[in-house]
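Student: I want to learn how to read the features of a model. Please start with the pockets.

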Amino acid sequence: MKKYTVLLIATFLLAGSAFLIPVIARQSRPYVDVMLTQSVSVSDSTICRGTIEESEQEEVKLDMPVIAQKIYVAPNQNVQKGEKLFDIDLDRTREALQNLQTSALLNSNALPQYDLAGIPESVYAPCSGAIKSIHVKTSSLSDPSQTLMTLSNASDLQVSAKINENQIANIQLNQSVIFTGSGFKDHAYEGYVKSIAATAQQTLNGTATETVVEVVMGISHPDEKLKPGFSVKAEIVTARKENAIVVPYESVEEDQEAQEYVYVVVNQVAYKRPIETGREIEAGLEVKSGLQPGEWVVQDAKGVKNRMPVKTFQGVTSQ
């Protein structure tokens, strides 16, 4: 009887262990973080720093010299399109021009015949921008060889930057650019590569000499937040690829034969998968082959082995 009792207890223990061992094994599986692979757009970029400047200037001209009665602006003052720049002293201007014409006749000198009746009373800004120079005067006739005023065109801004010779080979005309800067925080502007200098130049960077090439980039839609003289960071997109798969750097390991691989989780088991990587980008490594969209990849491969049972924080049970 005692013998049967021992056999019965042993049978129960074996049956219990057969049930408990898989449970204990499942509970002892290590947790791993996984990510679901997706097709994304990736790009390479070159980052440089530059300065905002006016891409062109507007000249204020008249077809005759004039004397100003009152000037409303000063150098470096910002004005809006249509804002009054100065009034013309019509009487003094007509008198001065008539004296010029009389003197020219007496000395048999050729002088343009000015339309004294067509002199405007005031002159207005042809564009929004900053006053760069003023040549009109209240004391005498303006010089016919000079513009009356020069304005920077605030609606047409660009960024000038110098790019190291090691990076210039990647820069091409019309590449997309993103501009950011401390002068316009929480706002980014789009642009494009406008021109690349034909020759390089030497600049002093600290105590070392650096060979650089000037690159000018247009700003697509500038507004009042941007001002000439602001420093900016320009990110030039030099290459773009659609439908790429990117994994974190920590996902990728390399064996003794220099074969790169990741671990793919299927039904709570991590399987070693050989891959081929491409470009390094900020988010990780581009996977050129070995993975498809929709697979669960272990984010940190350290400590993981091939065919190792695992648990996932994301609760993945199957592919």
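Tutor: Start with the second largest pocket: β3 supplies the largest share of its lining, five residues. The model is predicted, so local features need pLDDT of at least 70 and side-chain atom pairs pLDDT 80 or more, while totals for chains, interfaces and linings use all residues. Numbering runs from 1 along each chain as its sequence is written, and side-chain values use heavy atoms, without hydrogens or water.

Student: Which residues line the second largest pocket?

Tutor: First, the term. On a 1 Å grid over the protein atoms alone, a pocket is an open set of points where a 1.4 Å probe fits, with protein on both sides within 12 Å along at least five of seven lines; lining residues have an atom within 4 Å of a point. Here the lining is V42, S43, D44, S45, I47, E235, E280, I281 and E282. Two elements give two or more residues each: β3 (40-54) and β20 (276-281). Strands are DSSP runs of E, at least two residues, numbered from the N terminus.

Student: What is the volume of the second largest pocket, and how do its lining residues divide?

Tutor: The volume is about 180 Å³. A volume is the space filled by probe spheres set on the grid points, which are joined across faces, edges and corners. The lining has three nonpolar, two polar and four charged residues. Nonpolar covers Ala, Val, Leu, Ile, Met, Phe, Trp, Tyr, Cys and Pro; charged covers Asp, Glu, Lys and Arg; the others, Gly among them, are polar.

Student: How much space lies in the largest pocket?

Tutor: About 310 Å³. Of its 16 lining residues, N78, G129, A154, E224 and L226 are the closest to the centre. β6 (78-79) and β9 (129-134) are the elements that give two or more residues to this lining. By type, the lining of the largest pocket splits into seven nonpolar, six polar and three charged residues.

Student: β6 and β9 bring me to sheets. In what order do the four strands of the open sheet lie?

Tutor: The general idea comes first. Strands of a sheet pair through backbone hydrogen bonds, either parallel or antiparallel. Two strands count as paired if DSSP finds at least two bridges between them. Here the order is β4-β10-β9-β6, with antiparallel pairing. β4 (57-60) and β6 are the edge strands, each pairing on one side only.

Student: How many bridges join β4 and β10, and how many join β9 and β10?

Tutor: β4 and β10 (149-152) are antiparallel over four bridges. Q57 has S152 of β10 as its bridge partner. V60 is partnered by M149 in β10. β9 and β10 pair over three bridges, again antiparallel. On that side, I134 stands opposite M149.

Student: Are the faces of β10 covered or open?

Tutor: In a regular strand the side chains alternate between the two faces of the sheet. Both faces of β10 are covered: M149 and L151 are buried on one side, T150 and S152 on the other. Buried means under 20% relative accessible area, exposed over 50%, and partly exposed in between (1.4 Å probe, protein chains only).

Student: Next, the rings. How many aromatic pairs does a search of the whole structure find?

Tutor: Three. Rings of Phe, Tyr and Trp (its six-membered ring) pair if their centres lie within 6.5 Å; planes under 30 degrees apart are stacked, over 60 edge-to-face, and the rest tilted. F184 and F230 are stacked, 6.5 Å centre to centre with 25° between the planes. This pair links distant parts of the chain, 46 residues apart: F184 is in the loop between β12 (176-180) and β13 (189-196), F230 in the loop between β15 (208-219) and β16 (231-247). F184 is buried at 3% relative accessible area, and F230 is partly exposed at 23%. Y261 and Y263 have ring centres 5.7 Å apart and planes at 80°, so they are edge-to-face. Both Y261 and Y263 are buried. F184, Y189 and F230 make one aromatic cluster.

Student: What sits over the ring of Y261?

Tutor: The charged end of K272, 4.4 Å from the ring centre. The test asks for NZ of Lys or CZ of Arg within 6 Å of the ring centre and within 35 degrees of the ring normal.

Student: Last, the backbone. What is the phi of D186, and what is that of R307?

Tutor: D186 has a positive phi of about 60° without being a glycine. D186 lies in the loop between β12 and β13 and is exposed, at 85% relative accessible area. R307, also not a glycine, has a positive phi of about 65°. R307 sits in the loop between β22 (296-298) and β23 (308-309) and is exposed at 58%. M308 belongs to β23 and is buried at 16%.
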